[in-house]
Amino acid sequence: MNDILFTPMKIGSCEIKNRIVMSPMLLGFGQFDGTATDEMMDYYEARAKGGTGLIITEITRVNDKTGASAFGQLSMSNDSTIESVSRMADRIHKHGAKLFVQLHHPGRQNVGLMVGTVPVSIMMQKITKGAYGKLLFKLTPKVGPTMIEKNIVPCSVAPSKCDPAYFAGGRVRALKHSEIKGLEQDFIDAAVRVKKAGCDGVELHCSHGYLLQQFLSPVTNRRTDEYGGSFENRMRFITNIINGIRRECGKDFPLIVRLTVDECYAMQGQPDKGYGLDEGIKYAKALEKLGIDAIDVSSAGYDTFNYWLEPVSFEPGWRKYMAKAVKEAVSIPVIAANLIRSPEQAAQQIEEGVQDFVSLGRPHIADPDWTRKAQNGEHIRRCICCLNCFESMETNAYIGGHGECAVNPFVGNEGKELVVDGNGRKVVVVGAGASGLTAAYILAQRGFNVTVLEKDSTPGGQLKLASAPPHKAKIGWLIEDLVALCNDNGVELVYDTLADIDTIKKYDPYAVFLAMGSNPVKPKFPGEYNYDEMITFADVLTGKVNLDGKKVAVIGSGMTGLETAEYLNDHGCSTIVVEMAKEIAPGTWMQHLDDIMPRLRQSGTRFFTGEQLSELFDDKIVTKNVDTGALTIHNVDATVLALGSRSNTSLYDEVNAGFERVFRIGDEYKVGRIQNATSTAYKAAISLK
């Protein structure tokens, strides 16, 4: 059934060896001047080596002053980057893959902190011989967020003065007519440089709410000159760019447009805002008439974030109807992502006429060998839609770092070969959660003889809790994938075994890795209740305690608390959530909240912020307002604590005294999320000498 994935097809004059495309995704492997670094080349080459037919680069800026989205971004804004991009193209071409460069300007979705900063940074980095960057990344995490919050940053630009984009914030000013003309030329000049670099084509990023799409949208384009008003006028900016690229690069140089065909405001209860699929199809037809070679179908923008970069709750293929509607309306090839998570789904969508090429973004981060494994029938490490890649990219950009993958700790380390020097030496790993299984398969790949001891009858550890709430089943994929990696690499998995020092000694291990996870925090509160029977989120999510149909208070509004409340709602409970902070889930990535909060509100969950649990009883709780001290009684049938977890280090002292090489990883080392578990496991596994 999957054979169609491996048939060639042309985009314009360029033949792609298969139907698999790597979507553009910024991870931040660049540097101030926008040249392609060795780290970036390693990253892309690994995906080309893995069999991908077409790689489309991350967002690549065409303008340094208003169009730089990140310090670590690729650039085609001047001739100085041509040589490095040419070398990257050569490395990709040697594996039979093609390389297109995605040309981009963020418009109003830029962070004001970036406007005008890159040209200064390039100059200062040269003058100070690199010292400037170290100082910048030392100050930015402290100063940057404050400047953004207080709006003491330059304005981002848009077709018209409008509200700032959700998540980007800041202020927005309208582009001058002369600036629009200048940006048109910037895109054209960038395409010429891409061709000079020996790349195979370009993609214009007219999607996800960035500048090119801002001209199409009535939300952001209210101009009254020739660039606004009518459909044709709103098309003028991209029309002039396409015509200019054709004029300068020739008709045989392939050109793709990535297009938002539905802004998805209606999905957020704003049906009269933006444009929908009908107008999106009209744009696709108009672009085809302009002579482009393919449409890369996408949706939404920053204002409707979760409808283009989906969190874990969205079903694979949920938006394939958009691509199918476009394919039925145009005769050029259609590329689309559609939240594809398996070769079978990918092949089926091509067979059904949904699209011609499958675009895999996060799946290519999770497994660079996706294509080769799909062709050979091997087990693929799947993206679980946890959004860590995007969140970590945004967070690490402040410190000069790059995006990370929760399921693939090798991201950013593609150029580093694993040292295979285990020579059959014995390693015992205690715990078969995310960190234990990750360490186990990497150690086995290095040639160590690895045994994992797990107290439960099944693997997964904290992942089993994480996958238990509604809409979180994809988290369970990681358990299956890690077990498959362990099995493929000869790891011995021993279940129903509570490891102690004597059990470990029987293996006479060269090294011991402790991955015993964490336990829920259970503080003592004033009041009349049985402490031993105090209920935690783990008790609920494992099914140890059944609260079906009861009125329940959940203490703590982190994602664990919110997901526990949703689990209870699905089991017929009436829930309240009590949070000591002034906001729900402080510090939580906004997409997760945007995903779960509407469902919780629809289920009737009530939220009490700025309230601290003061007294606990079997049939009620008393909360105290953190500002006024006023007490409130809440009558409930049960109370569930979701106040975090504490590392389980019960075995560490004894093991550390008994063995020379002992490593603590995952929650045992420091309580965190999945990425913390896999990254600490990776670092420990490669450090064993």
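## Cavities

A search of the whole structure, a predicted model, turns up 2 cavities of 30 Å³ or more. The largest cavity holds about 110 Å³ of space. It is lined by 15 residues, and those closest to its centre are Arg-108, Gly-209, Gln-213, Glu-263 and Tyr-265. By class, the lining of the largest cavity has 8 polar, 4 nonpolar and 3 charged residues.

The second largest cavity holds about 90 Å³. Its lining counts 14 residues, with Cys-383, Cys-386, Cys-389, Cys-405 and Ala-406 closest to the centre. Helix H11 (362-366) and helix H13 (388-397) are the elements that give two or more residues to this lining. H11 supplies the largest share, 3 residues. The classes here are 11 nonpolar, 1 polar and 2 charged.

## Salt bridges across the sequence

The model has 35 salt bridges. Side chains of opposite charge can pair when their charged atoms come close.

One of the bridges joins Glu-391 and Arg-673, at 3.2 Å from N to O. Glu-391 sits in helix H13, while Arg-673 sits in the loop between strand E27 (662-664) and helix H22 (674-687), so the pair ties together parts that are 282 residues apart in sequence. Glu-391 is buried, because its relative accessibility is 10% and the cut-off for buried is under 20%. Arg-673 is exposed, with a relative accessible area of 51%.

Asp-421 and Arg-446 form another salt bridge, their closest N and O atoms being 2.5 Å apart. Asp-421 belongs to the loop between H13 and strand E13 (426-430), and Arg-446 to the loop between helix H14 (434-445) and strand E14 (449-453), so this bridge links parts that are 25 residues apart in sequence. Asp-421 is partly exposed, at 24% relative accessible area. Arg-446 is buried, at 1% relative accessibility.

Arg-247 and Glu-248 meet through their side chains in a salt bridge of 3.5 Å, N to O. Arg-247 is exposed, with 56% relative accessible area. Glu-248 is partly exposed, with 46%.

Elsewhere, salt bridges link Asp-42, Glu-45, Arg-91 and Lys-94 in a network.

## A nonpolar surface patch

Val-120, Met-123 and Ile-127 make up a nonpolar patch on the surface. Together they have about 280 Å² of accessible area. Met-123 lies in helix H3 (residues 117-127). Its relative accessibility is 45%, so Met-123 counts as partly exposed.

Notes. Residues are numbered from 1 along each chain as its sequence is written. This is a predicted model: local features need pLDDT of at least 70, side-chain atom pairs count only at pLDDT 80 or more; totals for chains, interfaces and linings use all residues. Side-chain values use heavy atoms; hydrogens and water are left out. Patches are made of residues with over 30% relative accessible area and no salt bridge: like charges are joined within 9 Å, nonpolar side chains (Val, Leu, Ile, Met, Phe, Trp, Tyr) within 5 Å. Accessible areas come from the Shrake-Rupley method with a 1.4 Å probe; for residues, only the protein chains shown count as cover. A salt bridge is a side-chain nitrogen of Lys or Arg within 4 Å of a carboxyl oxygen of Asp or Glu. Helices (H or I, at least four residues) and strands (E, at least two) are DSSP runs, numbered from the N terminus. Buried means under 20% relative accessible area, exposed over 50%, partly exposed in between (1.4 Å probe, protein chains only). On a 1 Å grid over the protein atoms alone, a cavity is a set of points where a 1.4 Å probe fits but cannot get out, and a pocket is an open set with protein on both sides within 12 Å along at least five of seven lines; lining residues have an atom within 4 Å of a point. Grid points are joined across faces, edges and corners, and a volume is the space filled by probe spheres set on the points. Ala, Val, Leu, Ile, Met, Phe, Trp, Tyr, Cys and Pro count as nonpolar, Asp, Glu, Lys and Arg as charged, and the others, Gly among them, as polar.
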